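Biologist: Thanks for sitting down with me. Could you take me through this one, and tell me what stands behind each label?

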Amino acid sequence: MAVTIEGSGTVSAVIGTEHTLLTDSDPKVFVLLVDTLNMALGDTLILRVYVQVLSGGALREAYTAVFTHTQPDEEIKISIPVPSPGHTNGFRATLQQTTGAAGRDFDWSVVSV
């Protein structure tokens, strides 16, 4: 099974802002990976993946995961594989830090399998 990097980078989170990491229109199965090494006590991070089921339909949450405080045992967070039918902007991955003393930097990538 081939794995393709669809996008990657580092986002400097602004607390309360939902940051779009990647949007895509191709029919693929996507997986979101985020490094939470920089999280500290009091931080809360929400990862979301949105998918559009039908052309012209609404983009809706297909996956949500919430993490709090430091993540010493499993620093890399990996979403479930999320299939996207390939409608215009039919896939979106986001990251939102909702609490914390400061916005953290998060390395991320979205791959297709």
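Biologist: Where is the place of S112?

Modeller: S112 lies in strand 9, a strand being a DSSP run of E with at least two residues, numbered from the N terminus. Before we go on, this is a predicted model, where local features need pLDDT of at least 70, side-chain atom pairs count only at pLDDT 80 or more, and totals for chains, interfaces and linings use all residues. Residues are numbered from 1 along each chain as its sequence is written, and side-chain values use heavy atoms, leaving out hydrogens and water.

Biologist: Why does S112 count as buried?

Modeller: Buried means under 20% relative accessible area, exposed over 50%, and partly exposed in between (1.4 Å probe, protein chains only). S112 has 6% relative accessibility, so S112 counts as buried.

Biologist: And why is V113 called partly exposed?

Modeller: V113, in the segment after strand 9 (105–112), has a relative accessible area of 38%, and therefore is partly exposed.

Biologist: What joins the side chains of S112 and E6?

Modeller: A polar contact of 2.6 Å. The term asks for a pair of N or O atoms within 3.5 Å; within protein, one must be able to donate a hydrogen and the other to accept it, and residues adjacent in sequence count only if both atoms are side-chain atoms.

Key: Helices (H or I, at least four residues) and strands (E, at least two) are DSSP runs, numbered from the N terminus.
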